[in-house]
Amino acid sequence: MKKLVAVVLAGLMVFSLAACGGGDSKETEAKKETEAKTEADTEKAETQEAAAPEKKDSYSVGITIQDLSNATWATQVNTITEKCEELGWTVTAVQHDNDAQKCITQIENFTNSGCDFIFIQSSAAEAIKDAVKAAQDKGICVIGTGVALDFADMNYTNDNYDAGYRCGKAIGEWANETFGEDHELIVAQFLYDEIVEVTQRTDGQLDGLKEVHPKFQVVANAHPTDSATAMTETENVLTAHPEIEVIFNWGDSMALGSLEAVRSMKREGENMAIVSVDGTDEAVAEIAAGSSLIMSCSLGGPEEQGIQQFDMLQAYLAGTNEDHYYSPNITIDRSNAKDYVK
């Protein structure tokens, strides 16, 4: 009997010790997790602080984009410049004309001149990678704008597929109202295959149209890059295909060029619709006036985009920046355009 009691007591002691040990283990594990998280947060903060340029009274900003005559890009650049100059900062903006070597030379010039920030809008990621790395090695913050760069310190882009999808839906609704659901819509679509973000927009346009008005035929494509080339291309496609009822543009500069061509060819009216992406002041005014430009997907407006990108610089200096920022998508059509007219 004594042996049995002793065995039971020994078992209870082992169970008790095991239970205590389990509690200690959980508590220790939780403590380790908390410490690890604190350490990670501290390390991130220290990394951001170390990456940021040294605090000084004035900073220098370089901007290289494809085309400064593009209304959307030009407005963004002008807004960034105005906000920087209010603080006594200097800004230099240049265009690379979609020439990778020219862009590389511009990045190198910005690096050698001692810029603190460089905005880059380029689809030639691999080609410019080494030049960007050289800039970053000198402590320069590099921002990919419009087109994301995997190796940039920050990026500012848009959900381009959604922007295009909204255009497609707008055309589908217009076609149903104007011609009826059984009408086969005749479409021209302007593309720009060299920039993936533009391809995302144009893919979204056709998908949005398919959902709302699946009976359509794309009879012409063109590749304009600005208002002037869009005007020429629109004249060409309408001459070759006078039956065209819709023109999809990937940006407002092109849409305004298409609109001018449509007017000059006496094609503006209820049976012609143009849609686009950007939401520039000029495009919004045309939509509000009831022109053949019936819709544009605003990305918050180019002026607001410029402010957002300037705010990214401020966040970077404060060590509170994010890696990727996105502009908003807002459908602007005849129902609400007057609310956005300046």
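Reader: Of the contacts with a separation of 6 or more, what share comes from residues 24 or more positions apart?
Author: That share is 74% in this protein. Keep in mind that we are looking at a predicted model.

Reader: Okay! How many helices and strands does the protein have?
Author: There are ten helices and twelve strands.

Reader: And how much of the protein is buried?
Author: Of its 342 residues, 45% are buried.

Reader: Which strands form the open sheet, and in what order?
Author: Six strands make up the open sheet, in the order S2-S1-S3-S4-S5-S11, with parallel pairing.

Reader: Why is one side of S2 and of S11 left without a neighbour in the sheet?
Author: Strand S2 (90-95) and strand S11 (324-326) stand at the edges and each has a single partner strand, so one side of each has no neighbour in the sheet.

Reader: How much are neighbouring strands turned against each other?
Author: On average by 15 degrees, with direction ignored.

Reader: What packs on the sheet, and which strands does it touch?
Author: Helix H2 (residues 71-86) does, and it touches strand S1 (60-65), S2, strand S3 (117-120) and S4. The direction of H2 makes about 180 degrees with that of S1.

Reader: Can we zoom in on one pair? How many bridges join S4 to S5?
Author: Three bridges join strand S4 (residues 141-145) to strand S5 (residues 154-157), and the two run parallel. As an example to look up, Ile143 has Met154 in S5 as its bridge partner.

Reader: I clicked on Thr157. Where is it, and is it buried or exposed?
Author: Thr157 is in strand S5. Thr157 counts as buried because its relative accessible area is 7%, and the cut-off for buried is under 20%.

Reader: What does Thr157 contact, leaving aside neighbours within four places in sequence?
Author: Thr157 is in contact with Gly146, Val147, Ala148, His324, Tyr325, Tyr326 and Ser327. Take His324: 167 residues separate it from Thr157 in sequence, while their C-alpha atoms are 7.8 Å apart in space.

Reader: Now Lys133: where is that one, and why is it called partly exposed?
Author: Lys133 is found in helix H4 (residues 125-137). It is called partly exposed because its relative accessible area is 45%, and that class runs between 20% and 50%.

Reader: Which residues are closest to the centre of the largest cavity?
Author: Of the 27 residues lining the largest cavity, Trp73, Gln76, Gln121, Gly146 and Arg201 are the closest to its centre.

Reader: Which element gives the most to that lining?
Author: H2 gives the most, with five residues. At least two lining residues each come from S1, H2, S5, helix H6 (196-212) and helix H10 (302-318).

Reader: What classes do the residues lining the largest cavity fall into?
Author: Twelve are nonpolar, twelve are polar and three are charged.

Reader: And what lines the second largest cavity?
Author: Its lining is Gln66, His96, Asn98, Gln121, Ser122, Ser123, Val147 and Ile195. By class, that lining has two nonpolar, six polar and no charged residues.

Key. Residues are numbered from 1 along each chain as its sequence is written. This is a predicted model: local features need pLDDT of at least 70, side-chain atom pairs count only at pLDDT 80 or more; totals for chains, interfaces and linings use all residues. Side-chain values use heavy atoms; hydrogens and water are left out. Two strands pair if DSSP finds at least two bridges between them. Helices (H or I, at least four residues) and strands (E, at least two) are DSSP runs, numbered from the N terminus. Axes are lines fitted to C-alpha atoms, for helices over the stretch in contact, and angles run from 0 to 180 degrees between N-to-C directions. Contact means heavy atoms within 4.5 Å. On a 1 Å grid over the protein atoms alone, a cavity is a set of points where a 1.4 Å probe fits but cannot get out, and a pocket is an open set with protein on both sides within 12 Å along at least five of seven lines; lining residues have an atom within 4 Å of a point. Ala, Val, Leu, Ile, Met, Phe, Trp, Tyr, Cys and Pro count as nonpolar, Asp, Glu, Lys and Arg as charged, and the others, Gly among them, as polar. Buried means under 20% relative accessible area, exposed over 50%, partly exposed in between (1.4 Å probe, protein chains only).
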